[in-house]
Amino acid sequence: MLKLLLNAAVIALGTVGPAMAQERIRISSDWGEVTADLADNEAAKSLAQMLPLTIEMSDHLRQEKTGNLPSALPELARQRDFSAGTLGLWNSDHFVIYYRSGRLPAPGIIRLGRSLATPRSSIVPGPSPSALNAPTETCAIRS
């Protein structure tokens, strides 16, 4: 059943309210919806300008959902620590939503934002216990 739900997952990011220094977005899927604040940096602003878009995302290392954006975002300072709810950028076009906390190897991620609720319980279910990488799911990101 979890496999079926993962295959049917749709995550949508949409803007909430007028544009401001810290833009608020909505992330939704079959599991519910959470609100996230985008970071006040050029990479997050570039992500907001890409909306709407659809990307394929998959579970990775039982800690995150990952997917490739259609184009690169600006390179900025990186951080190695992350927590559940962190939105980040691994490579210049590799979008990540973390549902666990941890520490990354160098060079780390560019922080794109943070959800206001824990994604695992609200939006991004974890992988099946039998698989390190869950099936790919289509994710719509829209404003």
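A salt bridge, as the term is used here, is a side-chain nitrogen of Lys or Arg within 4 Å of a carboxyl oxygen of Asp or Glu. Glu75 and Arg78 meet this way through their side chains, at 2.9 Å from N to O. Welcome to a predicted model, where local features need pLDDT of at least 70, side-chain atom pairs count only at pLDDT 80 or more, and totals for chains, interfaces and linings use all residues. Residues are numbered from 1 along each chain as its sequence is written, and side-chain values use heavy atoms, leaving out hydrogens and water.

**Salt bridges**

- By the rule above, the count comes to 6 salt bridges.
- Glu75 is exposed, with 51% relative accessible area, while Arg78 is partly exposed at 25% (buried means under 20% relative accessible area, exposed over 50%, partly exposed in between, with a 1.4 Å probe and protein chains only).
- Asp59 and Lys65 form a salt bridge at 3.3 Å, N to O; Asp59 is buried at 0% relative accessibility, and Lys65 is buried at 0%.
- Arg103 and Asp81 are joined at 3.0 Å, N to O.
- This pair links distant parts of the chain, 22 residues apart, with Arg103 in strand S9 (residues 102-103) and Asp81 in strand S6 (residues 81-82); helices (H or I, at least four residues) and strands (E, at least two) are DSSP runs, numbered from the N terminus.
- Asp40, Glu42 and Lys45 are linked in a network of salt bridges.

**Nonpolar cores**

- A nonpolar core is a set of buried Ala, Val, Leu, Ile, Met, Phe, Trp, Tyr and Cys residues joined through side-chain atoms within 4.5 Å.
- The largest such core has 21 residues, and among those touching the most other members are Leu38, Leu69 and Phe95.
- Helix H2 (42-50) and strand S4 (53-60) are among the elements that each supply at least two residues of this core, and H2 gives the largest share, 5 residues.
- Apart from it lies another core, of 5 residues, including Val96 and Tyr98.

**Two residues to look up**

- Thr66 lies in strand S5 (residues 64-68) and counts as buried because its relative accessibility is 7%.
- Leaving aside residues up to four places away in sequence, Thr66 touches Glu56, His60 and Phe95, among others (contact means heavy atoms within 4.5 Å).
- Trp90 lies in the loop between S7 and S8 and is partly exposed, at 27% relative accessible area.
- Trp90 and Arg111 are 21 residues apart in sequence and 9.1 Å apart in space, C-alpha to C-alpha.
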